[in-house]
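Please keep the sequence and the model at hand while reading.

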Amino acid sequence: MADTQAQPSGTPNPGPAKPPLAVVGSQISQDEKLFGQVFDKWVVRRFLTYLTPYRGELYMAVGAVLVFTMTQLSIPLIIRAVIDDALVAGRMSGGLIDILAMVFAAVVVVNYAANHIQETIVGKVAEHLLFDLRRAMYAHLQVVSLSFMDKTEAGRLMSRLQGDVYALQEFLESSIFAIGDLVLLLGIIVVLLSLDFQLGVMTLSVVPILFVVRIVWLPYARRAFLWARETSSSTNGALAEGIHGVRAVQEMGREAVNYELFDDKATENLNAHLAASRLSNMMVPIVDTLTGGAMAIVIIVGGGLVLDEALDIGIMVAFVFYVQRFFDPIRSLTIQYSMMQRAMAAGQRIFEVLDVVVEIKDKPDAIDPAEIDGSIEFRNVTFGYLPGQPILKDVSFRVEPGETVALVGPTGSGKTSITALLHRFYDTWEGQVMVGGHDVRDITQASLGRDVAMVLQEPYLFSGPIADNIRYAKADATRADIIAAAKAVGAHDFIMRLRDGYDTWLDQGGANLSLGQRQLLSFARALVADARILVLDEATANVDSHTELEIQRALARLLKGRTAVVIAHRLATIRGADRIMVLQEGRIIETGSHDQLIDSGGLYSRLYRMNYASFDDIPQDDTDRPGGDRGETT
Amino acid sequence: MTTATASSTSGQPRLDSNIDPNYRIEVSNLDTRVLWRITAIAFGHRWRMSLGIGATILAAIFQLFVPQYVGQAVDQVQGLLAVAADGDAREAARDALLLTAALLMGVSVMRGLFTMVQNYQGEAVGQLIGYHLRLDYYRKLQTLSFSWHDRIHSGDLMTRGILDIEGVRLWVNTGILRMFLLIVLIGGGAYILMGIDTTLGLVALSFVPIVGIRASIARLKLRASWMRLQDRLSELSKVMEENLGGIRVVRAFAAQAFEMARFDGVSKQAVAIAHERILLFVRSTTQMTFIYFLATVLVLWVGGHKVITGDITLGQLAEFLAFMAILQMPVRQIGWMINSIARASSCGGRLFAVLDLEPSIADRPGAKPLAIAHGVLRFENVDFQYPAWTQDQRTLSGIDLEARPGKTIGIVGPPGSGKSTVAHLMGRYYDVTGGRITIDGQDIREVTLESLRAAVGIVQQQPFLFTASINHNLAYGDPWAGRSSIQRSAAAAQLHNYIKQLPAGYDTLVGERGVSLSGGQRQRLSIARSIMLDSAILILDDSTAAVDAATEQRIRAALKDLVAERAVIIIAHRLSSLMHADEIIFLDEGRIIERGSHDELIALGGRYRELYDLQSSPVDTRPLREPAAEE
């Protein structure tokens, strides 16, 4: 990993084989643990709580595993009985063979039933668990605070929702069989020792050798598996980047360079997997040699005992059969070892997500006001995203029902924070946010969602028909509602020109529409919501002035009786507001109508007189002179 | 759907622009074809495959010796017991036993060694296949056209790139090599057992045809089930990805319940299919094991009677039983094997469906690099229409324009009027459907894509930033760039001062899709990145929408020095972004309805004038006046 993180420095190394400033895949350091302990009590305990609903099934599965193992154990004993009681010279008995064969057949039937039950139950429970865990995580992500979502990459969450959940499922499936393997191992040991203690001890003497070998082997194997997994995740990360960023890649002509770099990652991944494979297969001849050794012991020592008539020949044969099966469980337990490590690390990551504290919660006595008046009030609100760096500083204002207020100010002045607080995406540090006369913390989030509709700067649409996207906020909206909203924002015409009209399927966020068209749809979506309060966060930044004008006119109608908070940087949008609030560095420095503000001669009028079409980023003007830039780069 | 399948069987290359309208990449039903294809790739690694197969056969042969020596040992002991031999004979028997034990040990060691080679080579070939497929897949995705990527969900592509490659990879070891193992074990076993006793041999192997039939039935059903499951899982990851990506919208509309319902809907379908798959799988494996065990019962029963009648010895019965015992694992594995066949054929099908696509935009045979003499880009009566299935009705017709070095063209028009399409045509991200686009007289379809795109730089509306340092992002198109040129570009895009005040400066990591930068900063980064390319033609596709006018003004001033000799095309809604252009084109519904300089268009008093009045007149126009009819 380290060598792929080319040091981003301006001075290239002498004669580098690859471009010095080229990387593929996420350069965020892998701080995530890929392998946990083999057995993490905390993870297992948490995991077990998810198993509780399936307790009955699991008991049944464990029972079936035990029965299954018993039948497996009994087969060599039946063979032994046939040999010693029906086939040894002088004691030949065809009738006894018939009976024993019938017993054998009965055992096989029981074996089949137990096998079917165990595998079906384990498979189903594991599958259910997979979906339960994923659902729990997904549901949790719907309610955790946005500040968590802001700082967590979506890709990382996806890998938890998928890869980690699979790792746990795999673990559960195998762990039930591991129980079976362990029981089989113990059973074989018990049977061997009770059939003939002396021969049993001698046969089992090969087992300690295996353990010694394993202890030497393990650290190497651990490292190899870790390397394999790390390279896999880094390769997949690069692939993901290649897919998401394909447009930028083609525009920048980076295909060839990226292919080279991806090849490096894939090659390292290949080598890592080959190394891991070498290590795990190294155990095969060792285990086989030990199996052969144990059989040799049975034949030499057991054969000798039989010759001395100290042992029945059937027991010797039974021993051979047990030895043949003996190492199977050991072998699969080895495989399960790395699976367990992986599962523990995966479990930690999953529960980490599930344990993210839900900061914004409905109070137990939160009310759901049926009708609110649409007023908004901020009372001495102080708020920020990082401790010690408040974005809003002691902000107070009131918006009357039905009023349209424009928020104006440079980037970072706190406009978007005000709208976020209004919707209680975050809680304030100090002060109160009131919507419709209620503190937002006293009413349910669902009611806020119903009463406050938002149009965000970047239109985000979902895969699905256009109609579904428009009625996203209100699933029961009729076709007429949808069409009315689309007409109001001027989207109807272009929708009708699409092949399937309102049923046209949008792919991946509406990639088949222009940005402006997408914005119109997101506008229509907010209108369908029919909320008392409408928040427009730079909602018209991506539409042209004509469309914007149409939207303005539609809004003039639609805003009748509704409250609106509009963030905009275009004069045309701002002028239409009843009142303008000018924000700077987290404070409201001016407020009033367009004319009042022009008359007062403050920041607004200054900017206005400078004839800018936009109010964005303005204070940077003063600090960020082009002359300064040039001076520093020479 | 039908088009994709039909053309794949007729051997015609499937262009990515002709992919079916249902955005699902269809897979041919002939799964044997897929399996053969994977197998052929595997045998491309001739040396490793021969070694793997050789080792598999030898491992199986050595394993076949085990029952023989077990039987031999039993007979050696039994023979002595029967005749109650004297001391010398006993000593001889002990020596014989020693020899048998030594042979058994030797056979086990050899079997272990060959199994190791088999497993390792099998896995190595699998990993190599995975490696090659991964590279091919990556390269293919990078060359497929924008219109294809517009249709196919990235979550789906990731599933293919990770899980499907895994499924194909496993086929070598769990499929091909295990098949050889089974054939040799069963064939060799049949030969040996029949040699001992034909009837008992037939009894012992009676389970083979039943298991075979059972397995092939299960294989077909499992494959169908796998396909459906994968489809649902793709859908599920799509739902999750969209939800996480649009989390602010979800929150804004308090749509959590709706989102949960969406998730549960797909999730339940997936669980149901997964259950069905488990049942199919368990039923077939347990039934196969059951039949195998019944055969063992028969061996014991029939064989026992044969020992009594003296047809076979006790040792030979032990040999039969030991043979059955070594088959227990492989029979269990038949289940896994058919599972892996089903998986490999469905995964391989999904993968090859992508790998076999021909990019609709690709170098023509004999394409030459673009030779730039002046850098004049011309649209000659260009028509364009998106493929019918895209449902994209935006078209261009009769577009003529000429971009000359040192000159700027501005393009303006309502959303959906075709502005971005014009930009995409210039870089040949789509091909024109009529007329032609030339650079210095060369049709852009006749030159190599690489040289064309090096000559035409586009700055997008919504730039994609890579999760890497600012430095890496800036140098994305020119990874050999030195520090000074990077900083010069950043300064021109008015970003240098901001970057400098960051604690890590140019080494600051930009999060996934640049989450830690504002929209305007991202656009400025994207502009700086494109300046680095030093391309002859620079297109700014509404790339300053989130940048304030004053900063934009400074960017433009800085650009003037940097791209003085380049042709610049500016697409914007905000007229202040393009009113200085040498020629301004007003597009509506894919046609040029007005063109000329700012002053000319103002004087013309048409749509442009109207837009200008709307946007930049500092005079309050309230009450809003009626706009001219749009259509």
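Leu538(B) is the bridge partner of Val568(B) in β12(B). The model is a predicted one, in which local features need pLDDT of at least 70 and side-chain atom pairs count only at pLDDT 80 or more, while totals for chains, interfaces and linings use all residues. Residues are numbered from 1 along each chain as its sequence is written, and chains are lettered from A and ligands numbered from 1 in the order in which they are written.

**Strand β12 of chain B**

- Strand β12 (residues 567-571) of chain B has five of its five residues buried, so it is largely enclosed by the rest of the structure. A residue is buried if 20 or more other C-beta atoms lie within 10 Å of its own, exposed if 12 or fewer, and partly exposed in between, with C-beta atoms placed from the backbone.
- Ala567(B), Ile569(B) and Ile571(B) point one way from the strand, whereas Val568(B) and Ile570(B) point the other way.
- Strand β11 (residues 537-541) of chain B runs parallel to β12(B) and is joined to it by five bridges.
- Strand β5 (residues 408-412) of chain B also runs parallel to β12(B), with four bridges between them; here Ile411(B) has Ile571(B) as its bridge partner.

**The sheet in chain B**

- The strand order β8-β11-β12-β5-β13-β14 (chain B) forms an open sheet of six strands with mixed pairing. Two strands pair if DSSP finds at least two bridges between them.
- At the edges are β8 (456-459) and β14 (591-596) of chain B, each pairing on one side only.
- Neighbouring strands of this sheet are turned by 20 degrees against each other on average, direction ignored.
- β5(B) pairs with strand β13 (residues 583-588) of chain B in the parallel sense over four bridges, and Ile409(B) stands opposite Glu583(B) in β13(B).
- Helix α12 (residues 419-426) of chain B lies across β5, β8, β11, β12 and β13 of chain B and runs at about 150 degrees to β11(B). Axes are lines fitted to C-alpha atoms, for helices over the stretch in contact, and angles run from 0 to 180 degrees between N-to-C directions.

**Chains and domains**

- Chain B has 20 helices and 14 strands; these are DSSP runs numbered from the N terminus, helices being H or I of at least four residues and strands E of at least two.
- Of the 631 residues in chain B, 56% are buried.
- Chain B is divided into domain 1 (38-356) and domain 2 (377-616), whose C-alpha centres lie 56 Å apart. Domain bounds come from an automatic or database domain assignment.
- Chain A is divided into domain 1 (33-195 + 336-359), domain 2 (197-310) and domain 3 (376-625).

**Where the chains meet**

- In chain B, 165 residues are in contact with 163 residues of chain A. Contact means that the C-beta atoms of two residues, placed from the backbone, lie within 7 Å.
- Helix α4 (residues 87-143) of chain B gives the most to the side of chain B that touches chain A, with 32 residues.

**Two residues with positive phi**

- Arg424(A), in the loop between α11 (415-422) and β4 (430-435) of chain A, has a phi near 55 degrees. Arg424(A) is buried, with 22 other C-beta atoms within 10 Å.
- Asp440(B) has a positive phi of about 50 degrees although it is not a glycine. With 15 C-beta neighbours inside 10 Å, Asp440(B) counts as partly exposed.
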